[in-house]
Amino acid sequence: MDDFSLKIIPLGGCGEIGMNMTLLCVMDKYFFVDGGALFPDASLLGVDLILPDTKFIDENQIWPEAWLITHGHEDHIGALPHLYKKYPAPIYGTEFTIELIKAKFDDANINDAILNKWGFFQTVFFRNLKVTPFPVNHSIADASGLFFETQLGNILHMGDFRIDYYPPEKSMTHENIKKVINGKKVHLMMSDSTNSFQTGTDFSETEVLPSIVDYLDKAEGIVVIATFASNIWRLQSIFESAKLTGRKIALFGRSLFRNTEIANRLGLLNFAETTLIEIQDVSRYPRNEVCIICTGSQGESFSGLHRIAWDNVADFKIEAQDTIIFSSRIIPGNERPIESIVTQLTRIGCQVVTAKDDKNIHVSGHGYQEDLIKCIKTAKPIAFMPVHGTFRHLKRHRELAVECGLQEENCLLVENGDVVVAGPELLGVVETVHSGRDYVCPGGIFSQSSPIYKDRVALIYGGVVAVSFVLPEVGYDLIGTPAVTLKGVPLNAQELSKKMSMIFNYTIDLCLKKRNFNDDTLQEDLRIAVRRYIEKKLNFKANILILFQRI
């Protein structure tokens with residue numbers, strides 16, 4: 001491929017929701033936009049975190065000029081502590097975003113990172129590239145889009161956004177688009193597709209406050225509000241609601257303490273210190289004078305809400321008169337753990353309120369169709385590339401762009417690993433490179449396709465059968481009854497061991513006829529024979545270990 005080109009290579013976030021990471025290549029220089037992670041669902045036992053697979057970067061010995069971060073949500077910065085160690089480069093982001101990254105790096109013992117805070121509408125110059133961050137409305141403070149200017153074309157990257165007409169950010173996304181492009185051509189627009197199926201527009205973040213006030217005012221017991229620790233605007237609404245209703249607030253969750261401290265220090269979150277109480281002091285106040293903000297709105301194990309629901313908090317106990325509010329949306333894949341917590345809280349007798357029960361307790365941070373269309377019409381791009389969504393979300397967003405009057409051939413449909421040439425001429429997808437997922441597990445990081453991870457999955461679903469055969473020092477005359485050890489396989493080990501002699505004798509007769517017979521071939525044939533025997537009995541394939549002991 002000609003190096004004199006402007007290329008975009010998404011490695012995460014195109015074809016899925018979350019784990020956002022994009023490579024921007026301007027001629028021979030690479031810039032990494034975001035480094036997000038995903039949290040595993042219940043099917044990925046033993047996985048702590050999911051990262052973008054970076055095999056393509058390693059194989060091509062790519063070195064980033066810089067990390068350019070749009071905002072501080074986990075699906076945009078969660079992978080950075082792992083990826084930065086492999087690809088160290090200066091990191092650029094808004095003040096709140098950089099503070100969140102710094103806290104993550106402190107936890108990961110990364111002390112040498114160069115963290116640069118940039119201001120909105122302040123252009124940063126690199127070789128071959130100018131970048132101007134601009135504010136967008138989103139469910140986290142200091143969220144930004146990025147306007148890239150190059151001699152090969154200009155790219156408007158929207159980050160995650162919505163349009164809020166009464167914004168806590170004090171400005172509106174579409175107006176900021178107009179300001180940042182300032183009459184310049186947008187050759188390609190990359191736009192968030194998360195809510196591309198939602199018609200109309202959502203209400204303002206400021207309109208959540210009256211609903212929260214209403215619940216805090218009427219509830220007879222403690223009100224527990226579960227929300228994202230990064231949603232500073234929602235935390236501000238809860239603090240203001242507590243002040244209006246005379247309730248004290250207790251924070252429950254490490255990330256809540258950290259984010260609240262950072263936001264308060266930066267002047268993004270304002271509250272009276274007397275409003276806050278320690279979680280261990282909750283029982284000292286009448287229950288109708290307390291509000292607890294906690295993590296766990298997605299049903300995460302060991303989160304604040306999970307511990308509350310299963311009575312794993314030493315300082316207080318939830319009771320039937322209390323109210324639990326999920327002030328968040330359900331991220332796809334988290335339905336089951338959330339339902340489990342809701343069921344447990346309902347069993348206690350609490351009133352449980354989710355956004356499905358009352359849409360006024362949460363507002364999305366992602367634009368609905370009306371927002372997406374307004375931003376496309378404001379930017380007036382020549383070409384369009386939907387990002388941040390499953391394939392069907394991307395497809396629907398592409399259709400909206402065509403409906404806005406963009407030429408269909410200029411509206412791209414791109415998934416992870418696709419290489420898009422955006423300039424000096426728009427060539428679209430020219431090739432596909434390796435992409436996928438890496439899993440952070442106890443003991444290391446493993447690719448989705450690695451033998452180690454495949455073995456771990458096989459162990460989860462198949463269990464282990466270990467068979468030890470005792471043989472003489474020379475020859476293959478079986479001595480005694482083989483010993484069988486079972487882990488996760490519902491069979492009787494003693495009964496199974498009696499069958500092993502028969503399987504051994506049958507297998508050795510066949511193996512002795514092979515031209516290249518040795519211990520290794522016998523072990524492999526025995527493994528297959530034992531697995532087939534167990535598969536017939538249980539209708540699943542167990543993991544078989546064959547051990548030879550010679551005496």
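In this predicted model, Lys374 is partly exposed, with a relative accessible area of 31%. The residue belongs to helix H11, which spans residues 369–379. Together with Lys178, Lys377 and Lys380, Lys374 forms a positive surface patch. Because membership of a patch requires over 30% relative accessible area and no salt bridge, the value of 31% places Lys374 above the area cut-off.

Salt bridges number 24 in the structure. One of them joins the side chains of Asp58 and Lys86, with an N to O distance of 3.2 Å. This pair links distant parts of the chain, since Asp58 is in helix H1 (residues 55–59) and Lys86 in helix H3 (residues 80–86), 28 residues apart. Both partners are partly exposed: the relative accessible area is 37% for Asp58 and 38% for Lys86.

A salt bridge is also formed by the side chains of Asp107 and Arg254, at 3.0 Å from N to O. Asp107 lies in helix H4 (residues 95–107) and Arg254 in helix H8 (residues 254–265), so the bridge ties together parts that are 147 residues apart in sequence. Asp107 is partly exposed at 44% relative accessible area, whereas Arg254, at 60%, is exposed.

Loop residues take part as well. The side chains of Arg287 and Glu319 meet in a salt bridge of 3.6 Å, N to O. Arg287 is placed in the loop between strand E16 (276–277) and strand E17 (290–294), and Glu319 in the loop between helix H9 (304–309) and strand E18 (323–326), so parts 32 residues apart in sequence are tied together by this pair. Glu319 is partly exposed, with a relative accessible area of 34%.

Backbone geometry was examined next. Most residues other than glycine have a negative phi, and most peptide bonds are trans. Asp34, although not a glycine, has a positive phi of about 70 degrees. This residue is found in the loop between strand E4 (29–33) and strand E5 (49–52), and counts as buried at 1% relative accessibility. Lys170 likewise is not a glycine and has a positive phi, of about 75 degrees. Its position is the loop between strand E12 (153–157) and helix H5 (173–181). At 72% relative accessibility, Lys170 counts as exposed. The peptide bond from Gly423 to Pro424 is cis, with omega near 5 degrees; Pro424 is in the loop between strand E22 (418–423) and strand E23 (428–432).

Definitions and conventions. Residues numbered from 1 in each chain as written. Predicted model: local features only at pLDDT ≥ 70, side-chain atom pairs only at ≥ 80, totals over all residues. Heavy atoms only, no water. Patch = residues over 30% accessible without salt bridge, like charges linked within 9 Å, V, L, I, M, F, W, Y side chains within 5 Å. Areas by Shrake-Rupley, 256 points an atom, 1.4 Å probe, with all protein chains shown as cover. Salt bridge = Lys/Arg side-chain N within 4 Å of Asp/Glu carboxyl O. Lys, Arg positive; Asp, Glu negative; His and termini not counted. Charge placed at Lys NZ, Arg CZ, Asp CG, Glu CD. Helix = DSSP H or I, 4+ residues; strand = E, 2+ residues; numbered from the N terminus. Buried < 20%, exposed > 50% of the residue type's maximum accessible area, 1.4 Å probe, protein only.
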